[in-house]
Amino acid sequence: MKKIQMVDLKGQYEKIQHEIDTAVLDVVRSTQYINGPEVKNFQQDLEAYLGVKHVVPCANGTDALQVAMMALNLKPGDEVITTSFTFVATAEVISLLGLTPVLVDVLPDTFNIDPEAIKKAITPKTKAIVPVHLFGQCAHMESIMNIAEEHKLYIIEDNAQAIGADYYFEDGRTKKAGSIGHIGCTSFFPSKNLGCYGDGGAIFTDNDELAKKMRIVVNHGMEVRYYHDSVGVNSRLDSIQAAILRIKLQYLDRYTKKRQQAAAYYDNAFEDNPGLTIPVKSAFSDHVFHQYTLKTEGVDRFTLQEHLMSKDIPAMVYYPVALHMQKAYLDPRYKKGDFPVTEDLCNRVISLPMHTELDEQQLEYITYTVNDFFS
Ligand SMILES: *Cc1c(COP(=O)(O)O)cnc(C)c1O
């Protein structure tokens, strides 16, 4: 059996090696390493795939979030509502910009931000909401957009984990995750569903003015060369990464299917295990399984993790500590117990290997070993 990994980037690369190697070498030989034609080509391919008017490529997903907030002219003291159960980057950029992160709890089934909790957290200082489509499934965007409209707030979707997912509106319309709010952000970190071979990110919007501002922000606040009208940053997607992403974008839907097939195998094996709750799939969103995350019941999941490791099966805990309990984000406004669902999840979740290269033999071994732990 092939060695089991959380993410098998090598196996995935080997299947498209010829295409990738050719594309990378073409860029190397062109010497157009920064803002070469592949960056624009990828931008256009991604705009078409997502059905958005503008994609602004940038250096990573964290920058994407920061640039979005800078383009919205958010000012110190402005409040930005986000979830207490997410990767730190979401809150990090809010704090870095001197904005005030306002955390709210998540729903126990999908682990996504609770729209009712958002409503309660809104104050006259609230300017934006950042829903995170955690583990590959969209937050309830329809109610979040309604809240935004009512209170004149911006929505920035953190779509680092759900690229490729379709969102289903009640009236039958569908939209791609990340294309629903005013701005969508994503990451092309290698292990993400659409990953490059280094760092990369992108911002999406249908709004011409916001797109123009974001292009200026990522380019040192510069519209006309060497004239700087605002303070910006330097955040670019390399031409080599863009060339790789152009190829991998063509495979994204196939990769998503592979992830969903692995998840279905897991679901089937675990659904009758009383010690595990399989991921809940909501009616309004695809699940593209950035992670396959189980809720454990009545066991210590670190003991489960050790058991799996001893059988050469990696497993990870995303995320062991809620944002409001992280040292860097301790805040007198929050204390232990304020976000009971998040805190409970932090104590109970465990994520199994999830990638595009899992084969049946590996899945059988993983599921057998997990269930064996409970017997
Ligand atoms: C990965 C990730 C980011 C940050 O992306 P980077 O490219 O690593 O900067 C932001 N938010 C979430 C939810 C992520 O999973």
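This is a predicted model: local features need pLDDT of at least 70, side-chain atom pairs count only at pLDDT 80 or more; totals for chains, interfaces and linings use all residues.
Ser187 counts as buried, at 8% relative accessibility, and its place is in strand 8 (residues 183-187). The protein is assigned two domains, domain 1 (9-105 + 112-249) and domain 2 (252-374), and the structure holds 17 aromatic pairs. The points below go through some local surroundings, then the aromatic rings, and then the meeting of the domains.

**Around Ser187**

- Leaving aside neighbours within four places in sequence, Ser187 touches Gly61, Ala160, Lys192, Leu194, Gly200 and Gly201.
- Asp158 is 29 residues from Ser187 in sequence, while their C-alpha atoms are 9.0 Å apart in space.

**Around Gln43**

- Gln43 belongs to helix 3 (residues 37-50).
- With a relative accessible area of 9%, Gln43 is buried; the cut-off for that word is under 20%.
- Apart from neighbours within four places in sequence, the contacts of Gln43 are Val55, Pro57 and Arg215.

**Helix 5 and its cover**

- To find the buried residues of helix 5, look at Ala89, Thr90, Ala91, Val93 and Ile94.

**Aromatic pairs and a cluster**

- Among the 17 aromatic pairs is the one between Phe85 and Tyr319, which is edge-to-face, with 6.1 Å from centre to centre and 80 degrees between the planes.
- Phe85 sits in the loop between strand 2 (79-83) and helix 5 (89-96), and Tyr319 in the loop between helix 10 (301-310) and helix 11 (340-348), so this pair ties together parts that are 234 residues apart in sequence.
- Phe85 and Tyr319 are both buried.
- Another pair is formed by Tyr167 and Phe284: their ring centres are 5.7 Å apart and their planes lie at 45 degrees, so the pair is tilted.
- Tyr167 comes from strand 6 (residues 166-168) and Phe284 from the loop between strand 10 (276-277) and strand 11 (292-296), so here the parts tied together are 117 residues apart in sequence.
- Tyr167 has 0% relative accessibility and therefore counts as buried.
- One aromatic cluster is made up of Phe85, Phe87, Phe111, Phe135, Tyr318 and Tyr319.

**Charges over rings**

- Arg173 places its charged end over the ring of Phe169, at 4.2 Å from the ring centre.
- Arg301 has its charged end over the ring of Phe302, at 4.5 Å from the ring centre.

**Where the two domains meet**

- Taken over C-alpha atoms, the centres of domain 1 and domain 2 are 25 Å apart.
- On the domain 1 side, 41 residues are in contact with 34 residues of domain 2.
- About 3300 Å² is buried between domain 1 and domain 2, with 55% of it on carbon and sulfur atoms.
- The count of salt bridges between the two domains is 1.
- Lys15 and Glu357 form a salt bridge in which the closest N and O atoms are 2.5 Å apart.

Methods. Residues are numbered from 1 along each chain as its sequence is written. Side-chain values use heavy atoms; hydrogens and water are left out. Rings of Phe, Tyr and Trp (its six-membered ring) pair if their centres lie within 6.5 Å; planes under 30 degrees apart count as stacked, over 60 as edge-to-face and the rest as tilted. Helices (H or I, at least four residues) and strands (E, at least two) are DSSP runs, numbered from the N terminus. Buried means under 20% relative accessible area, exposed over 50%, partly exposed in between (1.4 Å probe, protein chains only). A charge sits over a ring if NZ of Lys or CZ of Arg is within 6 Å of the ring centre and within 35 degrees of the ring normal. Domain bounds come from an automatic or database domain assignment. Contact means heavy atoms within 4.5 Å. Buried area is the accessible area (1.4 Å probe) that two parts lose on being put together, summed over both. A salt bridge is a side-chain nitrogen of Lys or Arg within 4 Å of a carboxyl oxygen of Asp or Glu.
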